Amino acid sequence: MIGLLIFQAGPVGIGLFASVVAAALYALLHQAVRLHLLAPVTVALVVRLVVMLVAQVASGHGGAFYLDDAGYSREAALIAHQWLEGRLINPSSYQYAGSLAFGYQTMVACIFLLTGKSMVAAKLINVLLGTATVLLVGLLSGRLFGTSTMRRAAWLMALIPTSVWWSTVLLKEAVVAFLVLGAILAFICWPRRAAVVTFTLAVCALAVTRSPAMLTVTVTVLSALVAVAIQQRRAVNFRAALTYLALACGALLVGLAAISAGHPDAVWRQIGYSLGRLGLEQHQGVAGVALAIPKSLVSPYPWVFTRVTRTWDRALYPGMWVWYALLPTAMVGLWRLRRRAEVLLFALPVGTLLTINALTAGFAFRQRSTVEPFLLLLVVAGADSWRWVARRAAMGYLLVALLATAQSRSPATGGVIVLVAFALELVARRLPSTPTLQVPLPSNLLGDLVTRIRIPAP
């Protein structure tokens, strides 16, 4: 019964929550105006807010769509109830979150404590973080490829359907994507002291929210430090590398200490549970895991309509058709960046997280949303003219048609997709072939990074 408890929200709590939201919204819009990204940020906010409200009403389950978001709501309500009774409890205990990843439930519990178990209020934070991610994508694109690409990247992130959906449900995806992007952006763009502080906070939050994402950020940052040293022909700054590694390990230890408080064997149970989820057996060995990595980029399949697929995952189907159109251009972008060390900032987050997802047999299409901003940046890098973007999309759909026919055993399904591909090709012929989309030039990122982390000359 406690899990279904509806807290009585007081005017002080609601006022405090509204003040925090208003301050965050003001800061977000102020930065958007300063960076000339107000239009994509505003559209992203409105679209996510409308979808969230419509989905809240349409869910029929108080706003819950999946087992996980219902579980997060129940666990957060339990934590908030204990706080309301004046008890200091360990959120990672098994009667609450029950694992190292107790950060999101604790955040939602804080919102419930102020607003009276309001699912809309909790989802509103995801809407704001999803909108803030649009701003971060624009910033990172401008830093890597020039300011002329900022609006293009921001618009892509604002309108990509999968990002919109994961920003409107009570799940971790919007929070994790924001933290991952923020940590890497701080590392490559901010002054050294601010970068270390922001990186530490983001890694600590990821350690108790989604540890694979924390590992992804750490691997990316350390690899970038080594790449800088190699390209600049300087000695590796082991002090800087060890600093970031120590921060990441320290954050993980804090999380482990929290989960082990009062439960000395909890850490070993958590480690055993994680190892037990290794996907080698589920995917039938190493080859199966290797196949699961690219497969996670194209799932769930939007041409599958059976009783088994009558779930809320169908909300992702429009986004998957968009991804099929964009992934060929993203591959071109990855090829164009192959000789630049900055490619690590794209390839490593995507590759590391997808590999971990395959090994742990996780929810690939949900956790993929963490690295979707990096895939969109590769789209920006690979875009040259609108004609070639459309033609690559048509070629991508032809490949999808073959895979869909084989997977569904339905020639009609493949035939419809082929018709869409030919329609795209006809549209492409009418689009301009001039390089209206500027091909990104080498940035000054490496030189600036060398200066900031002070790599000594040999």
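**Entry 1: a loop and its helices**

I began at His36, which lies in the loop between α1 and α2. Helices here (H or I, at least four residues) and strands (E, at least two) are DSSP runs, numbered from the N terminus. I noted that the model is predicted, that local features need pLDDT of at least 70, that side-chain atom pairs count only at pLDDT 80 or more, and that totals for chains, interfaces and linings use all residues. Residues are numbered from 1 along each chain as its sequence is written, and side-chain values use heavy atoms, with hydrogens and water left out.

Back to my residue: the phi of His36 is near 60°, a positive value in a residue that is not glycine. Is His36 buried or exposed? I looked up its relative accessibility, 60%, so His36 counts as exposed. My cut-offs are under 20% relative accessible area for buried, over 50% for exposed, and partly exposed in between (1.4 Å probe, protein chains only).

Next I checked α1, which covers residues 11-34. At 1.5 Å a residue its 24 residues should span 34 Å, and the end C-alpha atoms are 34 Å apart, which agrees. The expected span is 1.5 Å times one less than the number of residues. In α1 I found Gly13, Phe17, Val21, Leu28 and Ala32 buried. What covers the buried residues of α1 includes α2 (38-58), α4 (103-115) and α5.

**Entry 2: the whole chain**

How many helices and strands does the protein chain have? I wrote down 20 helices and zero strands. Of the 458 residues in the protein chain, 51% are buried. I then turned to contacts (heavy atoms within 4.5 Å). Among those in the protein chain between residues at least 6 apart in sequence, 78% join residues at least 24 apart.

I moved on to α5 (119-145). Its 27 residues should span 39 Å at 1.5 Å a residue, and its end C-alpha atoms are 39 Å apart, which agrees. Since 23 of those 27 residues are buried, α5 is largely enclosed by the rest of the structure. Just after α5, Gly146 takes a positive phi of about 105°.

Then I looked up the largest nonpolar core. A nonpolar core is a set of buried Ala, Val, Leu, Ile, Met, Phe, Trp, Tyr and Cys residues joined through side-chain atoms within 4.5 Å. Which of its 105 residues touch the most other members? I found Val217 and Phe374. The element that gives the most to this core is α5, with 15 residues. Leaving out residues up to four places away in sequence, Val217 touches Val180, Ala183, Ile184, Phe199, Val203 and Leu206.

**Entry 3: empty space**

Rolling a probe the size of a water molecule over the atoms shows where empty space is left. On a 1 Å grid over the protein atoms alone, a cavity is a set of points where a 1.4 Å probe fits but cannot get out, and lining residues have an atom within 4 Å of a point. Grid points are joined across faces, edges and corners, and a volume is the space filled by probe spheres set on the points.

My search of the whole structure turned up two cavities of 30 Å³ or more. The largest cavity holds about 100 Å³ of space. Among the residues lining the largest cavity are Gly130, Met157, Trp166, Glu173 and Pro373. Which element gives the most to this lining? I noted α8, with three residues. The lining divides into five nonpolar, five polar and two charged residues.

**Entry 4: a few last look-ups**

I found a cis peptide bond from Ser299 to Pro300, with omega near 5°. Pro300 is in the loop between α13 (286-295) and α14 (317-336).

Arg409 has a positive phi of about 55° although it is not a glycine. I placed Arg409 in the loop between α18 (386-408) and α19 (411-430). Arg409 is exposed, with a relative accessible area of 76%.

Last, I looked at Ala292 in helix α13. At 13% relative accessibility, Ala292 counts as buried. The C-alpha atoms of Ala292 and Asn357 are separated by 8.9 Å, and these residues are 65 residues apart along the chain. Asn357 is one of the buried residues in α15.

Key
1 Å grid on protein atoms, 1.4 Å probe; cavity = no way out; pocket = protein on both sides within 12 Å on 5 of 7 lines; lining within 4 Å. Nonpolar A, V, L, I, M, F, W, Y, C, P; charged D, E, K, R; others polar.
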